[in-house]
Amino acid sequence: MRIAGYTYRWYDTLDLDDIGSCDLNLLTGKGEVETGQDTAPRVVSVSTPTYLVQNWPEDMPSECADLFD
């Protein structure tokens with residue numbers, strides 16, 4: 001089995017503007033990233049390859065991790 005996609009969503013119950021999602025399709029190389037309540041999702045290019053399930057790294061893909069820098 002291979003990992004074909006990655007989705008991460010977050011929200012802060014005390015700060016309603018701290019909300020977002022990162023949805024990546026590792027097969028097509030496309031994804032959508034959204035931050036904030038009133039922002040439209042933006043399309044991103046995905047460079048993270050597909051991995052066998054047992055080889056999936058512990059860290060989230062860089063396309064999503066960059067949102068927290």
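This is a chat about the fold, surface and a few residues of a predicted model.

Reader: What secondary structure does the protein have?

Author: The predicted model has 1 helix and 6 strands.

Reader: And in what pattern along the sequence?

Author: The pattern reads β-β-β-β-β-β-α.

Reader: What box do the C-alpha atoms fill?

Author: Roughly 40 × 20 × 20 Å, taken along the principal axes.

Reader: How much of the protein counts as buried?

Author: Of its 69 residues, 23% count as buried. The protein exposes about 5000 Å². Carbon and sulfur atoms supply 49% of that area.

Reader: What share of the contacts comes from residues 24 or more positions apart?

Author: They account for 30% of the contacts with a separation of 6 or more.

Reader: Switching to charge. How many positive and negative side chains are there?

Author: There are 4 positive and 13 negative side chains. The centres of the two sets lie 13 Å apart.

Reader: Which residues form the negative surface patch?

Author: Asp15, Asp17, Asp18 and Asp38 form that patch.

Reader: Take Asp17. Where is it found?

Author: Aspartate 17 is in the loop between strand E2 (5-11) and strand E3 (19-25).

Reader: Why does aspartate 17 count as exposed?

Author: Because its relative accessibility is 54%, and the cut-off for exposed is over 50%.

Reader: On to strand E3. Is serine 21 buried or exposed?

Author: Serine 21 lies in strand E3. It is buried, because its relative accessible area is 14% and buried means under 20%.

Reader: What does serine 21 touch, sequence neighbours aside?

Author: Leaving out residues up to four places away, serine 21 touches Tyr8, Arg9, Trp10, Glu32, Val33 and Glu34.

Reader: Val33, then. Which strand holds valine 33?

Author: Valine 33 is in strand E4 (residues 30-35).

Reader: How far apart are the C-alpha atoms of valine 33 and serine 21?

Author: They are separated by 5.8 Å. Along the chain, the two residues are 12 residues apart.

Reader: Is valine 33 buried or exposed?

Author: Valine 33 is buried, at 2% relative accessibility.

Reader: What does valine 33 touch?

Author: Not counting residues up to four places away in sequence, valine 33 touches Ser21, Cys22, Ala40, Pro41, Arg42, Val44 and Leu67.

Reader: Back to E3. What about asparagine 25?

Author: Asparagine 25 is also placed in strand E3. It is partly exposed, with a relative accessible area of 31%.

Reader: Which residues does asparagine 25 touch?

Author: Beyond residues up to four places away in sequence, asparagine 25 touches Ala4, Lys30 and Val46.

Reader: How far is asparagine 25 from asparagine 55, C-alpha to C-alpha?

Author: The separation is 17 Å. The pair is 30 residues apart along the chain.

Reader: Next, leucine 26. Where is it found?

Author: Leucine 26 is in the loop between E3 and E4.

Reader: Is leucine 26 buried or exposed?

Author: Leucine 26 is buried, with a relative accessible area of 7%.

Reader: What is leucine 26 in contact with?

Author: Leaving aside neighbours within four places in sequence, leucine 26 contacts Ile3, Ala4, Gly5, Val46, Thr48, Pro49, Thr50 and Trp56.

Reader: Last one. What separates the C-alpha atoms of leucine 26 and glutamate 63?

Author: They are separated by 11 Å, with the residues 37 residues apart along the chain.

Technical notes: Residues numbered from 1 in each chain as written. Predicted model: local features only at pLDDT ≥ 70, side-chain atom pairs only at ≥ 80, totals over all residues. Heavy atoms only, no water. Patch = residues over 30% accessible without salt bridge, like charges linked within 9 Å, V, L, I, M, F, W, Y side chains within 5 Å. Areas by Shrake-Rupley, 256 points an atom, 1.4 Å probe, with all protein chains shown as cover. Salt bridge = Lys/Arg side-chain N within 4 Å of Asp/Glu carboxyl O. Lys, Arg positive; Asp, Glu negative; His and termini not counted. Charge placed at Lys NZ, Arg CZ, Asp CG, Glu CD. Helix = DSSP H or I, 4+ residues; strand = E, 2+ residues; numbered from the N terminus. Buried < 20%, exposed > 50% of the residue type's maximum accessible area, 1.4 Å probe, protein only. Contact = heavy atoms within 4.5 Å.
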